[in-house]
Structure formats: C-alpha cells, structure tokens
Amino acid sequence: MQSQIDTVEKQLQALITALDGQDAGAIVTATEELAAAVILLRGTNIPAGEENRAHALISRTLSQLEAAAIRVNILKNWTRQRIDKNRELRGAQPRGVALSY
C-alpha cells in the first residue's frame, strides 16, 4: 500500500503537470487533491525513520506551492492581457493587471 508521503508526492507532481499544461480544470482538481493528501498526511503517524523524508517533502511541497502561485498569477495576467486586448479592439477600457498573490 502506498504511504501517505508517497500520495503527497504524487499529487504534487499532478499539480505541476496541470500547471505546465495550463488547464484550469486540471489545476483546480490537482490543487484540491493535493490539499486533501496534505491534510491526511498531517493526521497520520510518520513511521520511524521516515521523519526526515516527510520533513523534506513538506519543505519541497511548500516551495512548489509558492512556484504554483506564481505560475497561476502569470496565467491570470496573460488571460487579463488577452481580455484587455479584446476590449481595446471593441473600443472599451482595459481593466489592468490581474493579481491575487
């Protein structure tokens, strides 16, 4: 059976793949599944000898989530630019940068 640490690693990779694919639905799904895996990891006992691996995984997950937030903001900004360009072509005012981070 796959350990909870392995599940978190798998879900983290799924999120990275979804972000690289720029698929909004896949990003939302992968984010929710990663969050669930992390919650389950928090509630489990880490087997003896796996503490260092778990700590390294949590550190890597946090840094990858930081990178994911940056990617999401870039994708939002690109989308905002496309929307603004379309508004400009129709003669409407652009709305500006879309950031949430």
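(Helices here are DSSP runs of H or I with at least four residues, numbered from the N terminus.) Most residues other than glycine have a negative phi. Gln22 sits in the loop between α1 (4–21) and α2 (24–42), and Gln22 is partly exposed, with a relative accessible area of 44%. Partly exposed falls between buried, under 20% relative accessible area, and exposed, over 50%, using a 1.4 Å probe and protein chains only.

This is a predicted model, where local features need pLDDT of at least 70, side-chain atom pairs count only at pLDDT 80 or more, and totals for chains, interfaces and linings use all residues. Residues are numbered from 1 along each chain as its sequence is written, and side-chain values use heavy atoms, leaving out hydrogens and water.

## The buried side of α1

The buried residues of α1 include Ile5, Val8, Leu12, Leu15 and Leu19. The helix's buried residues pack against α2 and α3, with contact meaning heavy atoms within 4.5 Å.

## Pro47, in another loop

Pro47 lies in the loop between α2 and α3. With 47% relative accessibility, Pro47 is partly exposed. Along the sequence, Pro47 and Ser3 are 44 residues apart, yet in space they are 9.6 Å apart, C-alpha to C-alpha.

## Leu62 out on α3

Leu62 belongs to helix α3 (residues 51–89). Is Leu62 buried or exposed? Leu62 is exposed, because its relative accessible area is 56%.

Technical notes
Helices (H or I, at least four residues) and strands (E, at least two) are DSSP runs, numbered from the N terminus.
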